[in-house]
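Morning, everyone. I have one model to show, and a few parts of it to walk through. Here it is.

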Amino acid sequence: MKLILLGPPGAGKGTQSARLTQKYAIPQLSTGDMLRAAVAAKTPIGLKAKSIMDAGALVSDDIVVGIVADRIQQPDAARGFILDGFPRTVQQAQALDVMLADKGMDLDAVIELKVDEDALHDRMAHRVKEMQAAGQPVRADDNPEAFRTRLTAYRTQTAPVSAYYAKSGRLKTVDGMAPIDEVSKAIDGLLGPLG
Ligand code: AMP
């Protein structure tokens, strides 16, 4: 199962990906997580990406495509994967198509979580409170200013990715405003026939 979850920050991609990894026993490949690991390890990529990520802007396509190309070669991704937070530009989507075609692979589904943008600021603030209550570090880009930039990046650079997949008939949408379990059920309904 090779899957993409699309949606703005706070749409629930991470939550739903985590559930799907259990169900299909495939890894969740989150470019945000991979980049945060690179930042924490102070690798050359991490050093380049840190200030861009902190501001809520997008890291360059070259860097992100390189990370994903390496990651999908790993043995645990051989049976499939869930891409969370990638692709975020049409160039990344095109690069992914080429990458998969080279390996004789194709995507099984692209699922977009549709959400009402007004709700996203509240969800971010809620996530910050939850992290603080759990004594966990809060993301540097989970603040109102960086969040606004992330939403703008989504609107201008990532929304066209949905149109890219819709054009080739690969896009499916789910109501991301529904309760978490209902969103999971709707995704299961879409993926069920693909097993
Ligand atoms: P996320 O955890 O998916 O919200 O990503 C956190 C941040 O990492 C984003 O705001 C970007 O700065 C960067 N990032 C993650 N994925 C990508 C991507 N596919 N393209 C460009 N930048 C990305």
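What covers the buried residues of α2? The cover includes β2 (28-30), α3 (44-55), α4 (61-71) and β3 (81-84). Covering here goes by contact, meaning heavy atoms within 4.5 Å. Helices (H or I, at least four residues) and strands (E, at least two) are DSSP runs, numbered from the N terminus.

Keep in mind that this is a predicted model: local features need pLDDT of at least 70, side-chain atom pairs count only at pLDDT 80 or more, and totals for chains, interfaces and linings use all residues. Residues are numbered from 1 along each chain as its sequence is written, and side-chain values use heavy atoms, with hydrogens and water left out.

Back to α2, residues 31-40. T31, G32, M34, L35 and A38 are its buried residues. Buried means under 20% relative accessible area, exposed over 50%, partly exposed in between (1.4 Å probe, protein chains only). These residues lie on the same side of α2, because they cover an arc of only 165° around the axis. That arc is taken from the directions from the helix axis to the C-beta atoms. Just after α2, K42 takes a positive phi of about 55°.

Now β3. Both of its faces are covered. F81 and L83 are buried on one side, I82 and D84 on the other. β1 (residues 2-6) pairs with β3 in the parallel sense, over four bridges. Pairing requires at least two DSSP bridges between the strands. I82 in β3 is the bridge partner of L3. β2 also pairs with β3 in the parallel sense, over three bridges. There, L29 stands opposite L83.
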